[in-house]
Each structure stands twice: as C-alpha cells, then as structure tokens.
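This briefing is meant for a reader who is meeting the structure for the first time. Please keep the sequence and the 3D view at hand while reading, and find each named residue as it comes up.

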Amino acid sequence: MSNRTAILAIIVLTYVMIVLDISIVLTGLPRIEAELGFTEAGLSWVSTAYTLCFGGFLLLGARLGDVFGRRRMFLIGLSVFGFASLLIGFAQGPGMLVAARALQGMGAAVLAPSTLALLQVTFRPGPERTRALAAHAAAAGVSASFGLVLGGVLADLVSWRAGFFLNLPVSLGLALAALRHVSDTDTQGGLIDLPGAATSTFGIGALVYGMIHAATAGWQDAVTLAAVAAGAVSLALFILGQSRAAQPLLPLRLFASRARSGAYLARVLFLGANVSFYFFMSQYFQQGLGYSALTTGLAFLPTTLVNFAAALSGPRLIARFGGGAVLIASLATSLIGFVGLALITPDSGFWLGLMLPMVFLGFGQGGALAPLTAAGISGAAANDAGAASGVVNVAHQIGSSLGLGVLISVAAPAGGIIARTAHAMTGGAVMIALTVAVALAFGLVTRRHTVVAS
C-alpha cells in the first residue's frame with residue numbers, strides 16, 4: 001500500500017456513496033410513488049431491495065475479496081454499482097426500479113467489505129486505526145442523514161433521479177484513484193461456498209419479506225408464516241453448513257470472541273432502529289406536516305450536523321474515556337431521542353417536540369458507530385480480516401432490513417401517519433434499550449482500550 005491519506009479518502013468516499021444511497025431515496029419516496037405508480041406497501045421495497053441484497057450478499061462479497069484480491073473486487077463492485085445507478089435513473093416502473101436497486105445492493109455488497117478490510121490492513125492497531133475507524137464511522141453516520149438533505153434538495157429542484165446519475169462519475173473517479181493508489185492484497189485462493197451464499201441470502205430475504213408482508217396481511221396470514229419459517233430454516237441450514245465447510249463464508253471462530261459477538265448483535269439492533277427513524281420521519285414531515293421534499297431534507301440538517309460533530313470527536317473521546325464509555329453514552333442519548341419522538345402528537349412543537357429529540361439521535365448515531373465497528377473487528381486474525389469486516393457490514397445491513405420490516409409491522413395497525421410514526425419510534429426505543437442490554441451483557445461498556453485498538 002502507498003499514500004495512506006489517499007487510501008483513506010478512497011475508503012471513506014466509497015462508503016459515503018454506498019450509505020448515501022440507502023437514505024437519498026427516502027425524501028423522494030412520495031415523488032417516486034406518484035410518478036411510477038407504487039402501492040403504499042410496495043414503496044418500502046425501494047429501500048428494502050437495496051439493503052436486503054446489500055446484506056444478503058455481503059458474506060459472499062467478503063469471500064470474493066479474499067479469493068480474488070480486494071482491489072480487483074473493489075473495481076468490479078464499483079462497476080456494478082455505477083451501472084445499477086444508471087438503470088435506476090432511467091427506471092420507468094416499479095419493477096425496473098426495485099430490480100435495479102437490488103443490483104445496486106449487490107454491487108455495494110462487494111464494495112463494503114473491501115473498504116473495511118483495506119482499512120484494517122492499511123492502518124496499524126492503536127490511535128492510527130482508531131482515527132481511520134472514526135472517519136469510516138463518520139461516513140456511515142453522516143451519509144445516512146446527509147442523504148436525506150441531498151435527496152430532498154434534488155427531488156424538489158431537479159429530480160429524485162439526479163442523485164443516482166451522480167453515482168456514475170463518482171464511481172469512475174474512485175476507480176481511477178484506486179488503480180493509482182491501492183495495491184492489490186494477497187489472495188488466499190480456494191473455493192467459494194455457493195451453498196452457504198444461497199442459504200444465507202435466501203434466509204435473510206425470506207425473513208424480511210415475511211415481516212414486510214405482515215404489515216398488510218397480518219401475522220396470521222399463511223404467506224407471512226411460510227416466509228418467516230422458510231427464512232428461519234434456511235438460516236439454520238446456513239449455520240450448520242458453515243460449521244462443516246472447509247472454507248466457510250462465515251468462519252464461526254469469529255464468534256469465539258464475546259466482544260465481537262456482542263458488537264454484531266448490538267449493531268443489528270442499533271441500525272434497525274435508526275434506519276427506521278429516517279424512513280418514518282421523512283414521511284411524517286411530508287405527509288403529516290405537509291413539508292416539501294426540500295424542506296424535509298433541511299429538517300434533518302440539525303441531526304446531520306450533530307452526527308458529524310460527534311463522529312469527529314470520537315477519537316478524542318475514546319482516548320480520554322474509553323470506547324465502552326463512549327458507546328454507552330451514545331446509546332443512552334439515542335434512547336432519549338427515540339422516547340422523545342415516540343411522544344409526538346398533532347400538537348407537538350417543532351423545536352422541543354421534534355428537533356430536540358432528533359439532535360439527541362444525531363449525537364447517538366455519531367458516537368456509537370466507531371466503538372461498535374472497532375469491537376466487531378477487534379482481535380481478528382489477518383486472514384479473517386475480510387470475513388470480520390463482512391460480518392460488521394452484514395450486521396449493519398441486516399439490521400437495517402430486519403429492523404425496518406419489524407417496525408413497519410409494528411406501525412401498520414395504527415391509523416394515520418402521526419400515529420404510525422409514534423408507534424415506530426416506540427419500537428425504535430425498545431430496540432435501543434435492547435442494544436444497551438446487549439452492550440452490558442457482552443462487556444462492551446467495560447472495554448477501555450481493546451475495543452478500539454486491536
């Protein structure tokens with residue numbers, strides 16, 4: 001590797017693009033629904049198709065990087081991502097848009113583990129890696145909220161399609177930069193565990209489909225029950241297969257570490273709550289309060305700014321107080337924010353009822369991701385770097401998909417958009433409380449140095 005600053009810039013900008021495309025559509029959803037003829041239930045698949053394929057193919061993407069080289073797969077992932085973005089920009093109907101979003105998610109599944117694995121092998125454990133992880137976490141947190149701002153601006157002033165067209169020149173620029181600054185990593189050779197890829201992807205997909213289907217058909221519906229059951233069986237077969245595979249997609253030894261296991265579970269719960277916050281609040285602003293897409297995007301700006309400030313302060317706070325203390329403070333702040341939003345009514349004041357809880361959420365998002373990322377790769381051997389980073393990203397995306405599916409089901413029985421949003425935010429508060437419980441149970445809050453260093 002050469003020029004670590006350039007490599008970090010490539011890693012961060014790539015992750016910004018990946019995460020931005022999770023949220024950039026949210027403020028444009030009402031325009032997409034009206035223009036392409038989506039049903040209200042089908043609209044969630046604009047977001048879910050991306051995060052589902054992103055999460056479902058991540059383990060395979062991480063393994064491909066180990067076998068064929070991370071720079072090579074990084075370039076392939078960029079190509080797929082850019083091409084899919086072009087298809088989204090030209091989509092003329094719901095089917096084409098959802099299919100292109102799924103393809104885009106597959107490209108992201110190849111890209112994401114490559115970025116975190118490159119970070120892990122480029123920067124030494126200790127303060128150097130802590131700063132790099134903080135930049136990576138800032139990209140994840142800030143991009144999610146900035147995507148709403150950018151999506152709102154583009155949807156109102158240009159078109160919801162504009163953000164996806166921008167991905168093509170950005171992908172080309174990143175590819176050229178990677179060819180110049182990133183040396184390919186050593187390949188491990190070996191086989192690809194295709195049965196593992198199939199059972200994990202199908203299992204996750206079936207679970208998410210069942211939860212989203214339950215939002216309209218209920219939990220007693222035969223299709224809902226069949227999808228959830230099929231997903232659970234498929235994931236059980238996946239775990240069984242990984243325990244016997246000579247070259248598994250998911251080395252089960254990664255879960256021998258109590259801290260890593262806790263970090264993965266905590267990330268699932270944390271992301272499930274936070275992605276749902278963006279999904280529901282963007283609709284609340286537009287359908288409940290009558291905001292334009294532009295005003296909705298700007299309404300998320302305080303969250304974005306606080307998120308960014310918290311993420312940038314992460315290394316200094318971690319060095320002074322330890323990763324565990326920063327994590328628990330961030331989770332507590334997030335919980336306050338979700339509880340505040342769960343209390344919204346038609347008469348809630350803008351500043352105290354909405355903005356203040358959203359500022360708390362921004363601080364929690366910006367502060368929690370770096371310690372969780374560090375704990376998820378802490379102590380992993382060099383030959384497991386791709387797999388460990390893959391699991392971190394799987395937890396991130398599966399948490400997003402499953403969390404959104406669960407909270408759509410929780411919110412569905414409520415009447416109007418205000419009641420649905422309050423129900424969803426209550427569910428988000430429960431998820432954050434469970435995240436705190438996991439952090440305590442798995443010892444994440446007592447780790448002062450190793451959570452961010454090794």
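The model is a predicted one. In it the count of salt bridges comes to four, and the structure holds 12 aromatic pairs. Among the helix contacts described here are that of α13 with α15 and that of α1 with α3.

**Salt bridges**

- The side chains of E128 and R4 form a salt bridge, with N and O 3.0 Å from each other. Because E128 belongs to helix α7 (residues 127–157) and R4 to helix α1 (residues 4–23), this pair ties together parts that lie 124 residues apart in sequence.
- R4 has a relative accessible area of 35%, so this residue counts as partly exposed.
- E128 also has a salt bridge with R124, where the closest N and O atoms are 3.1 Å apart, and a network of salt bridges links R4, R124 and E128.
- Another salt bridge joins the side chains of R161 and E35, at 2.6 Å from N to O. R161 sits in the loop between α7 and α8 (162–181), while E35 is part of helix α2 (residues 29–36), so the pair ties together parts that are 126 residues apart in sequence.
- Are the two partners of this bridge buried or exposed, or something in between? R161 is buried, with a relative accessible area of 11%, whereas E35, with a relative accessible area of 45%, is partly exposed.

**Aromatic pairs**

- A pair of aromatic rings is described by how far apart the centres are and by the angle of the planes.
- The ring centres of F277 and F338 are 6.4 Å apart and the ring planes stand at 80 degrees, so this pair is edge-to-face. F277 lies in helix α11 (residues 258–288) and F338 in helix α14 (residues 323–342), and the pair links distant parts of the chain, 61 residues apart. Both F277 and F338 are buried.
- The rings of Y278 and F300 have centres 5.9 Å apart and planes at 45 degrees, so the pair is classed as tilted. Since Y278 is in helix α11 and F300 is in the loop between α12 (293–299) and α13 (301–321), the pair ties together parts that are 22 residues apart in sequence.
- Y278 counts as buried because its relative accessibility is 4%, and F300 counts as buried because its relative accessibility is 0%.
- One aromatic cluster is formed by F277, Y278, Y284, F285, Y291, F300 and F338.

**Helix packing**

- Two packed helices are described by the angle between the axes and by the distance between them.
- Helix α13 packs with helix α15 (residues 350–377) at an angle of about 35 degrees, the axes being 7 Å apart, and the crossing of α13 and α15 is right-handed.
- On the α13 side this contact is made by P302, T303, V306, N307, A310, A311 and I318, and on the α15 side by M355, M358, V359, G362, F363, Q365, G366, G367 and P371. The residues of the contact of α13 with α15 divide into 10 nonpolar, six polar and no charged.
- The axes of α1 and helix α3 (residues 44–56) come within 8 Å of each other and cross at roughly 145 degrees. I18, D21 and I22 of α1 make this contact with S47, Y50, T51 and F54 of α3, and the residues of the contact of α1 with α3 divide into four nonpolar, two polar and one charged.

**Two single residues**

- L369 has its place in helix α15 and, at 3% relative accessibility, counts as buried.
- Which residues does G428 contact, leaving aside its neighbours within four places in sequence? G428 is in contact with A273, F338 and L407, and among these F338 is also a member of the aromatic cluster described above.
- G428 and A259 are 169 residues apart in sequence, and their C-alpha atoms are 23 Å apart in space.

Technical notes. Residues are numbered from 1 along each chain as its sequence is written. This is a predicted model: local features need pLDDT of at least 70, side-chain atom pairs count only at pLDDT 80 or more; totals for chains, interfaces and linings use all residues. Side-chain values use heavy atoms; hydrogens and water are left out. Helices (H or I, at least four residues) and strands (E, at least two) are DSSP runs, numbered from the N terminus. Buried means under 20% relative accessible area, exposed over 50%, partly exposed in between (1.4 Å probe, protein chains only). Rings of Phe, Tyr and Trp (its six-membered ring) pair if their centres lie within 6.5 Å; planes under 30 degrees apart count as stacked, over 60 as edge-to-face and the rest as tilted. Axes are lines fitted to C-alpha atoms, for helices over the stretch in contact, and angles run from 0 to 180 degrees between N-to-C directions. A crossing is left-handed if the near helix is turned anticlockwise from the far one by less than a right angle, and right-handed if clockwise. Contact means heavy atoms within 4.5 Å. Ala, Val, Leu, Ile, Met, Phe, Trp, Tyr, Cys and Pro count as nonpolar, Asp, Glu, Lys and Arg as charged, and the others, Gly among them, as polar.
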